[in-house]
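Let's take a friendly walk through this model.

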Amino acid sequence: MTVTKSASRGRRASLAVICVVAATACGGRGSPTAATPLPPSPPTTDTLRAAAQATGRRIGAAVQSRLLNEARYGGTVAREFNYLTAEYEMKWGAIEATRGASDFGPGDNIVSFARSYGMDVKGHALLWHQSVPAWVGGLSPSDLRAAVAAHIREVAGHYRGRVHAWDVVNEAVSDDGLGLRDTVFRQKLGDGYIAEAFRLAREADPGALLFYNDYGGEGSGAKSNRVYDLLRSLIADGVPIDGVGLQMHVSANGRPSDGSIASNMQRLASLGLIVHISEMDVKVNGVGGSIDQKLDAQKAAYKSIVAVCLAQPRCEAVTFWGVSDAHTWIAGDTPLLFDAQYAAKPAHAGVLDALRGR
Ligand code: XIL
């Protein structure tokens, strides 16, 4: 674990003003604003960050660059987390919508925010079939191979030394678990594109941990088996891969059992991999009963799944896919730890309990 080392790097950096990069880099989606210094983190131990640090784990959130300068959002992130993932800003489609005109501003803003607060960053994600620039669609196989290589070299090279880890390939296994997902990468480059991507990423940033990230393979089942087999064969072939992210987008009333998550994590750890819970959120719309019952079911799910991670020595990080219910990617549900007014929900106490072993 490098929490301590990175945290001290970050503390030195915290002398710098928040978001020292140019104003255009501080917005995202065309909303540049001057950086607003955030209120200092209160010296409380009742934060996820303090509790996680005491266990040597990272506790993270997916963040949006354009929101970091809002006091409530930025203040909550700064207080509660020590590991940030860009929710969309470091994806290929976001960085290079126009070929050759890469925009690293929003991603850089997230990195500088993280450094200011002594946090690490996970780069997300170098290859994902849902964030491919439109211009990539028409390329011939050989042009696509060159474009993928240039993209990985450029992006992982840009963030070299500044991210703790990269999700190199995201969601490459088909939902039925029968094989690889039929993406533009697979169609034009063949199944070997996954190994190629990891090798390129290692070359571009030898210091970053390299992850495969997916959903639906958290517990037992065909997809989980397929992800396991894929990782096992990549490792057997000498592909540089360090970890696996289990996304963990689940529902309070429909989720893999704790036991199945624990045994899946154990077999992945036995391959020598670090395990992250990488995108956790817990939907509640399907839970019957009152609001309080929904919130309690959500708390129970968060608490027991985070406890499964803590019981596994190789499970080194839990990242939530967002901060408050005001900005969740799941429309119409309230799956996160903070409500839309940034008040901590029962789920927050559940995660704290798990981190403290209660
Ligand atoms: C989602 C983001 O939350 C959205 O803002 C974006 O528009 C689409 O992507 N799995 C992943 C994430 O690996 O990158 C996805 O994030 C959610 C599912």
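## Around the ligand

E171 places a polar side-chain atom 3.0 Å from a nitrogen atom of the ligand, a polar contact being a pair of N or O atoms within 3.5 Å.

The residues around the ligand, with a heavy atom within 4 Å of it, are E87, K91, H124, W128, N170, E171, Q247, H249, E279, W321 and W329.

## About the model

This is a predicted model, where local features need pLDDT of at least 70, side-chain atom pairs count only at pLDDT 80 or more, and totals for chains, interfaces and linings use all residues. Residues are numbered from 1 along each chain as its sequence is written, and side-chain values use heavy atoms, leaving out hydrogens and water.

## Backbone details

H124 and A125 are joined by a cis peptide bond with omega about -10°. A125 belongs to strand β3 (residues 120–128), strands being DSSP runs of E with at least two residues and helices runs of H or I with at least four, numbered from the N terminus.

M248, a residue other than glycine, has a positive phi near 70°. You will find M248 in the loop between β6 (243–246) and β7 (249–251).

## A helix contact

D258, I261, A262 and M265 of α11 meet S304, I305, V308 and C309 of α12, with contact meaning heavy atoms within 4.5 Å.

How values were computed:
Polar contact = N/O pair within 3.5 Å; in protein donor to acceptor, adjacent residues only side chain to side chain.
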